[in-house]
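Work through the exercises below with the sequence and the model at hand. Each task is followed by a solution in steps.

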Amino acid sequence: MAREFLVATYSDANSLMKTVETLRAENLKIHDVYAPYPIHGLDQAMRLNRTRLPWVTLIAGLCGCGVALAFQFYTAVLDWGMNVGGKPDNSTLAFLPIAFELTVLAGGLATVAALLLRARLYPGRRECLIVEGVTDNRFALVLPKSDSPRPRQILEQSGPDKLEEKEAEL
Amino acid sequence: MSSMIQAAEEGRPGGLPYQQILPAPRWVDGHPTLGEITGDVVRAMEARPGKGWWICFAIALAALGNLGVMVAYLFAKGIGIWGLNSSVGWAFDITNFVFWVGIGHAGTLISAILLLFRQQWRNSINRSAEAMTIFAVMCAGLFPLLHMGRPWDAFFIFPYPNQRGPLWVNFRSPLVWDVVAISTYLTISLVFWYLGMIPDLATLRDRAAQGIKKAVFRLLSLGWNGSHRTWSRYEMVSIILAGLATPLVVSVHTIVSMDFATSLVPGWHATIFPPYFVAGAIYSGFGMVMTLLIITRQTMHLERYITMRHLDAMARVLLLTGSIVSYAYATEFFSAWFGGNLYERFHFINRATGPYAWGFYIMVLCNAITPQLFWFRKARSSVAVLFVASVLVNVGMWFERFIIIVVSLHRGFLPSSWAMFYPTVFDMGILVGAFGLFFTCFLLFIRVLPMVAIWEVKGTVGHGAHRMALSDDESAPEVAHG
């Protein structure tokens, strides 16, 4: 569903950052910022919540570890015990390297999958660029269109390269 | 620093563009604009490859063809065509395996460990280093497969429900750990590499005219549109993956070393092996990164991004890891003498004076002596010296594995079964062929994918500007000097 946005385009991150700080100081809503690289400090300026993705890593990692230990215990102790060099069936210490590897594997893959799901990135998705060049050398500050004149005023004062109203599906 | 920023900010309304006042970013030459960075990296991919690239590619392709022929013959005849015998059952195959796994480690070090340490110099070299990791692990994976003799039964090494009991694999064996570790390492490295490339693929997509190229980049870039909310999560995921890959890379070579260290063979049975192998892996990998980056920067004209300061930093890492490796060699000899075990002592005397002593001295010359050159700034700032030294490092590290494996096996506990290993033309051919596979992949990579991480370099260069905006942010690392 297409919505209407107020889009200011800049050619450097500096003026964009200052505008974001001004907008947030007045508690005005920012839809998003589009940039060719992650601008450090913008998270705080936009007051974004810290992502919960690390929890996915923790939970998936623990599952990977648990499954690896349980599977090795099942195969080596319950299902078909083998005497290898007189070592005990339940050689827990020897099961740790594989448990570690599966912790990393499950944690890593699940985190990436969660990122792609959360950011709605998938093969075949048609990109929706708010302005041309945001993957190259432009920065776009996107506000939801509102009835108040204040956001527009701030954007105008910030000296953007271009200020326009746009309908887009973001 | 803050006064410089202030000066820059004050100077700006005075008519001077602030780029001239801002100190140059340390890891890029000059002040490229964002658009210029995209252009510089993409131009190298869009232009027709130069003569240098074609010559390298032709040689690599010939070696790869040779690998195909040799492997086909190997599958038809069996591993009897190698120079192995009942005393030396592991030789070139496992030497090559350990060599290639080791090469891969520097890529992860650069992409993950240096990211955690916030080392900005990794930004223009991490992409090619990660690609190198993947191709090196592919080459490494080839050798256990060939070594099995019956590669069509390779799936036996995976624990799957079967009709032989089910007889599961022996989870107490480092060889099984190795299978899991290397597969995990390859998977995580691939994911890390691809994830890092998504924003750059989107840049390429937006530059490409309609056509197949655009369609392919569109498919690969997953609809990336530069949203900062996504960037924020994306950076968190990069840090998490780096945090996972760091212990992973240490575990991989530790487990490879346990293939040897858990046995009773003199020369293998040593507790020093895990750290010794990890240091050696990073050392050899940095040697290979150096070789590849010198080739890339000369053939693709990326001197602006892969600067002499990068090569200097890598030379310092070579000096450090080379010295750790030399210390480990000395420790091995010391333990053999001090430990008082006759077999161990014999092994080390044999290593330095036996029939393979020449290999041992090549190893010492390349690994212990060559990196000491890098104490001198002159050596660190000469491309020719760096290139030759980086190749020597790789020669030395290949010989290190050969010495550890073959010299330990050829004179074991039972003198009546002492034997020599002589490589056959097939041993040599497959060794050369693996380099063909590696370089073919790498040369294709630098043609079709962005070999410098465009967005990360932009972040490095844009950093000075963002410091100005956030002048109260003391936590931001200082980069914009010198």
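## Exercise 1: the contact of two helices

B:Gly102, B:Ile103, B:Gly104, B:His105, B:Ala106, B:Gly107, B:Leu109 and B:Ile110 of H5(B) meet B:Gly280, B:Ala281, B:Ile282, B:Ser284, B:Gly285, B:Phe286, B:Met288 and B:Val289 of H10(B). Two residues are in contact if their C-beta atoms, placed from the backbone, lie within 7 Å. Helices (H or I, at least four residues) and strands (E, at least two) are DSSP runs, numbered from the N terminus. This is a predicted model, in which local features need pLDDT of at least 70 and side-chain atom pairs count only at pLDDT 80 or more, while totals for chains, interfaces and linings use all residues. Residues are numbered from 1 along each chain as its sequence is written, and chains are lettered from A and ligands numbered from 1 in the order in which they are written.

Task: describe the packing of H5(B) against H10(B) by angle, axis distance and residue class.

Solution. 
- Step 1. Two packed helices are described by the angle between their axes and the distance between the axes.
- Step 2. H5(B) and helix H10 (residues 273-300) of chain B pack at about 80°, and their axes are 6 Å apart. Axes are lines fitted to C-alpha atoms, for helices over the stretch in contact, and angles run from 0 to 180 degrees between N-to-C directions.
- Step 3. H5(B) is therefore roughly perpendicular to H10(B). Angles under 35 degrees count as roughly parallel, over 145 as roughly antiparallel, 65 to 115 as roughly perpendicular and the rest as oblique.
- Step 4. The contact of H5(B) with H10(B) has 9 nonpolar, 7 polar and no charged residues. Ala, Val, Leu, Ile, Met, Phe, Trp, Tyr, Cys and Pro count as nonpolar, Asp, Glu, Lys and Arg as charged, and the others, Gly among them, as polar.

## Exercise 2: two further partners of H5(B)

Task: find how H5(B) is oriented to H6(B) and to H9(B).

Solution. 
- Step 1. For H5(B) and helix H6 (residues 126-147) of chain B, the angle is about 160° and the axes are 7 Å apart. H5(B) and H6(B) are therefore roughly antiparallel.
- Step 2. The crossing of H5(B) and H6(B) is left-handed; a crossing is left-handed if the near helix is turned anticlockwise from the far one by less than a right angle, and right-handed if clockwise. The contact of H5(B) with H6(B) has 16 nonpolar, 8 polar and 2 charged residues.
- Step 3. For H5(B) and H9(B), the angle is about 150° and the axes are 9 Å apart. That makes H5(B) roughly antiparallel to H9(B).
- Step 4. The crossing of H5(B) and H9(B) is left-handed. Residues in this contact include B:Val98, B:His105 and B:Leu116 of H5(B) and B:Ser238, B:Thr246 and B:Val256 of H9(B). The contact of H5(B) with H9(B) divides into 12 nonpolar, 7 polar and no charged residues.

## Exercise 3: the side of chain B that touches chain A

Task: which element gives the largest share of the side of chain B that touches chain A?

Solution. 
- Step 1. The contact joins 58 residues of chain B with 61 residues of chain A.
- Step 2. Helix H3 (34-46), helix H7 (174-207), helix H9 (228-261) and helix H17 (454-469) of chain B are the elements that give two or more residues to this side.
- Step 3. The largest share, 16 residues, comes from H9(B).
- Step 4. By class, this side of chain B has 32 nonpolar, 19 polar and 7 charged residues.
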